[in-house]
Amino acid sequence: MLKHGFDRRSFLKTMSSTGMLAAMPDAALALESGGGHIAHEIAAPQQDTDTKPKYSIKFSVCGMSHDHIHGMIGAVQRGGGTLVSAWGGEEDKLATFKKRYPDVKIVATHDEIINDPSTQLILSSQIANERAGIGIRAMKHGKDFLSDKPGATTLEDLAAIRKTIAETKKIYAILYSERLEVKAAVKAGELVQAGAIGKVIQTINIAPHQIIQGHGGDAGGSGGRPDWFWNPVQFGGILCDIGSHQVDQFLYYTGSTEAEVAESQIANVRHPNKPNFQDFGDMVLRGNRGFGYVRLDWFTPDGLGTWGDGRLFILGTEGYMELRKYTNVAVSKLGNNLFIVDQKQARYIDCNNLTLPFGPQFVSDIVNRTHTAQDQTQCLLAAELVIKAQKNAKLVHLEA
């Protein structure tokens, strides 16, 4: 029996150097035994990362207010997209963009992006309440559209998006990156679809965020926050904004095609100098195939070392999962940690070697007019639910 003092890091390093891990896809490394078997696994890539994308398209950027635009660009490029032009309304964001993409043509107006007949797709992380308008114009000019989340901030905008999709048959996608661009979340989806924990009953999302991020990166706060960040009309409110990631996960993992917000609440706990800001919010969801709970906040402390300790718990009839997406607190700085318990054993799966499918699938959808990367109806249902959660949320004032 291997005891808790066993040096797992040295063991894995030795196994890796000998090539034994690479030779064993999803290699189960049983490190302990006892009342319940415990296994450690390293998930293998689904495909060779050097494989050339099957399809190619040209795309442009119309709005880069949030740094998520860089992750969006990366996803489409992995799928075979070539970025040809961009427009940005903020000088600091535009300066960063030019350094990262020196060969991309920078244009002076929205119209030059939307009217360009050579491109098939437009990406935007413009100020949140302006994204729907850009997307609708893009679709009416024969292009598909990929929005940063939230993809809409009002029910009126959402109705206009649905109407334009019906008229143009174009795609209005929203990059809910906390599922689509997180390897552990992708692996969890595969396991759920395979029935690994039976029927999913409930998802619980704990989604803390950090306002000022000293570690850099593209999460949005490394250079401080712009004025629009503090205005709920512009950013959509905490439930509509960052909550959209979590509601997308609720719908996807439970398989719910119909859902309602049973209860929602918001608060400004510690930002009195920004009276309209919301730094805490939560909501209870009820779907036709499962339940959901979401907690959101802007209180991640500096000691964590990353922008948020995002957790996802998936309860099934035959087991459960926990995802520690961005870090494993006080254990490892690596993210993409997946824990699964079923009737036979408890397993830890390191998902960092997986390849992300969204980019290639999305480019394929544009070429073939399919919806493999993201179900269009589910995408907009998530947007509808968070708008309603925000609109109907109870504003709570806590005593000092």
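The model is predicted: local features need pLDDT of at least 70, side-chain atom pairs count only at pLDDT 80 or more, and totals for chains, interfaces and linings use all residues. Residues are numbered from 1 along each chain as its sequence is written, and side-chain values use heavy atoms, leaving out hydrogens and water. Helices (H or I, at least four residues) and strands (E, at least two) are DSSP runs, numbered from the N terminus.

- Six strands make an open sheet, ordered 5-4-3-6-7-8, with parallel pairing.
- Strands count as paired if DSSP finds at least two bridges between them.
- Strand 5 (105-106) and strand 8 (172-175) are the edges, and each pairs on one side only.
- Helix 2 (residues 68-78) packs on this sheet and touches strand 3 (57-62), strand 4 (81-87), strand 6, strand 7 and strand 8. Contact means heavy atoms within 4.5 Å.
- Strand 6 (residues 121-124) and strand 7 (residues 144-148) run parallel, joined by four bridges. Ile122 stands opposite Phe145 of strand 7.

**Pairing around strand 10**
- Strand 10 (residues 259-267) pairs with strand 11 (residues 280-287) in the antiparallel sense, over eight bridges. Here Val261 faces Leu285 in strand 11.
- Strand 10 also runs parallel to strand 17 (residues 394-396), with three bridges between them. Ala267 stands opposite Val396 in strand 17.

- Asp309 lies in the loop between strand 12 (291-297) and strand 13 (311-316).
- Asp309 has a relative accessible area of 15%, so it is buried. Buried means under 20% relative accessible area, exposed over 50%, and partly exposed in between (1.4 Å probe, protein chains only).
- Beyond neighbours within four places in sequence, Asp309 contacts Ile206, Pro208, Leu304, Thr327 and Val329.
- Salt bridges link Asp309, Arg311, Glu322 and Arg324 in a network. A salt bridge puts a side-chain nitrogen of Lys or Arg within 4 Å of a carboxyl oxygen of Asp or Glu.
- Arg324 is partly exposed at 21%, while Glu322 is buried at 13%.

**Other salt bridges**
- The whole structure holds 17 salt bridges.
- Lys93 and Asp67 form one of them (3.0 Å, N to O). Lys93 sits in helix 3 (residues 91-100) and Asp67 in the loop between strand 3 and helix 2, 26 residues apart. Both Lys93 and Asp67 are buried.
- Glu384 and Lys388 form another (2.8 Å, N to O). They are about one helical turn apart because four residues separate them in helix 12 (residues 376-391).

Conventions:
Axes are lines fitted to C-alpha atoms, for helices over the stretch in contact, and angles run from 0 to 180 degrees between N-to-C directions.
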